[in-house]
Amino acid sequence: LSALEGITAVLVDMDGVLYRGDRPVRGAARAVNKLREMRKKLVFITNNSTASRSAYVRKLKRMGISAKKSEIVTSAYATALHLKKSSPKPCVYVVGERGLKRELREAGLRVVSSIQAEKATHVIAGLDRKLNYMKISAALRALLRGAEFVATNVDATYPTERGLSPGAGATVGALVGCCGRQPRTVVGKPSTPMIKIAMGSVGAKPGKTAIVGDGLDTDIAVGKRLGLRTILVLSGVSAEEDVEAAKGTELAPDFVYRDLKEAVFT
Ligand SMILES: [Mg+2]
């Protein structure tokens with residue numbers, strides 16, 4: 001059985017599958033072209049909330065991969081859609097970067113500055129490479145007044161060219177440390193909201209959808225949770241030893257390949 005037999009929609013995790021930092025993974029562009037030839041519906045996904053979908057379109061283009069904005073679902077975009085759907089008039093204070101604020105504004109949400117943080121109905125925590133005490137204080141003020149705590153994702157780290165860097169988990173941890181509660185909602189993997197939004201965007205059905213990712217405890221975990229076919233590639237964070245350790249557990253992927261090219265052309 002080929003990994004993609006009977007599959008009509010493929011959710012492709014980007015970081016560690018298509019690229020590592022700014023370096024493309026070899027053969028990834030060819031594999032995506034092949035998936036298009038095979039007429040699979042594609043959604044490119046990432047937990048990274050720092051860049052807008054348009055920025056990802058450009059990033060993929062630099063790597064020889066053409067994708068439409070509508071085919072990209074980030075935790076920032078998913079957070080915006082999730083809030084719009086679940087709350088009548090959300091007003092948000094964001095501890096995160098420009099791309100996250102941009103997606104929230106583009107979805108029509110009100111984003112307030114730290115001076116107006118008390119007005120926020122929601123505090124959104126995402127990866128913030130300029131995290132500081134002032135932002136944490138503003139978020140705390142909002143949380144103490146009852147604002148709902150939402151995390152784009154809780155990744156402890158993410159891979160960069162220089163090794164691991166602190167992820168959104170660092171922001172979430174700073175807020176948990178002072179407000180004493182956990183996020184009410186986590187949007188990104190291994191939680192389900194972002195993946196459900198990605199599937200909804202192409203009308204994907206669980207039994208006919210595959211998720212390709214490099215993370216056992218993110219991509220594979222959420223795929224299992226939602227009944228998707230799970231394909232692990234070893235071009236990113238998870239290694240062969242991790243696959244060995246996961247054997248017989250609920251995290252064991254349905255298929256394991258060296259990279260996306262091997263997954264598509266085998
Ligand atoms: Mg990844």
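A magnesium ion is held here by Asp-13 (OD), Asp-15 (O) and Asp-214 (OD), at 2.1 to 2.2 Å. Donors are N, O and S atoms within 2.8 Å of the metal (3.2 Å for Na, K and Ca), and water is not among the atoms, so sites may look incomplete. Welcome to this predicted model, in which local features need pLDDT of at least 70 and side-chain atom pairs count only at pLDDT 80 or more, while totals for chains, interfaces and linings use all residues. Residues are numbered from 1 along each chain as its sequence is written, and side-chain values use heavy atoms, with hydrogens and water left out.

- Along the sequence, the donor residues follow the spacing D-x1-D-x198-D.
- Asp-15 sits in the loop between β1 and β2 (19–20) and Asp-214 in the loop between β13 and α8, so this pair ties together parts that are 199 residues apart in sequence. Helices (H or I, at least four residues) and strands (E, at least two) are DSSP runs, numbered from the N terminus.
- Asp-15 and Asp-214 are both buried. Buried means under 20% relative accessible area, exposed over 50%, and partly exposed in between (1.4 Å probe, protein chains only).

- Helix α8 (residues 216–225) is largely enclosed by the rest of the structure, because seven of its 10 residues are buried.
- Those buried residues are Leu-216, Thr-218, Asp-219, Ile-220, Ala-221, Val-222 and Gly-223.
- They pack against β1 (9–13), α7 (193–201), β13 (209–213), β14 (229–233) and α9 (240–246). Contact means heavy atoms within 4.5 Å.
- After α8 comes Gly-227, with a positive phi near 75 degrees.
- In α7, the buried residues are Pro-193, Met-194, Ile-195, Ile-197, Ala-198 and Met-199.
- After α7 comes Gly-203, whose phi is also positive, near 65 degrees.

**The nonpolar cores**

- The largest nonpolar core has 32 residues, and Leu-18, Phe-44, Leu-60 and Ile-231 touch the most other members. A nonpolar core is a set of buried Ala, Val, Leu, Ile, Met, Phe, Trp, Tyr and Cys residues joined through side-chain atoms within 4.5 Å.
- At least two residues of this core come from each of β1, α1 (28–37), β4 (41–46), α2 (53–62), β13, β14, β15 (255–257) and α10 (260–265).
- The largest share, four residues, is supplied by α1.
- Beyond its neighbours within four places in sequence, Leu-18 is in contact with several residues, among them Val-12, Val-32, Phe-44, Leu-60 and Leu-260.
- A second, separate core of 30 residues includes Leu-11, Leu-104, Ile-197 and Val-222.

**Where α3 meets α4**

- Helix α3 (residues 75–86) and helix α4 (residues 98–106) pack at an angle of about 35 degrees, their axes 8 Å apart. Axes are lines fitted to C-alpha atoms, for helices over the stretch in contact, and angles run from 0 to 180 degrees between N-to-C directions.
- The residues in contact are Ala-76, Tyr-77, Thr-79, Ala-80 and Leu-83 of α3 and Gly-99, Leu-100, Glu-103 and Leu-104 of α4.

**Two loop residues**

- Gly-108, in the loop between α4 and β7 (110–112), is exposed, with a relative accessible area of 62%.
- Ser-114, in the loop between β7 and β8 (122–125), is buried, with a relative accessible area of 16%.
- Not counting residues up to four places away in sequence, Ser-114 touches Tyr-93, Met-134, Ala-138 and Arg-141.
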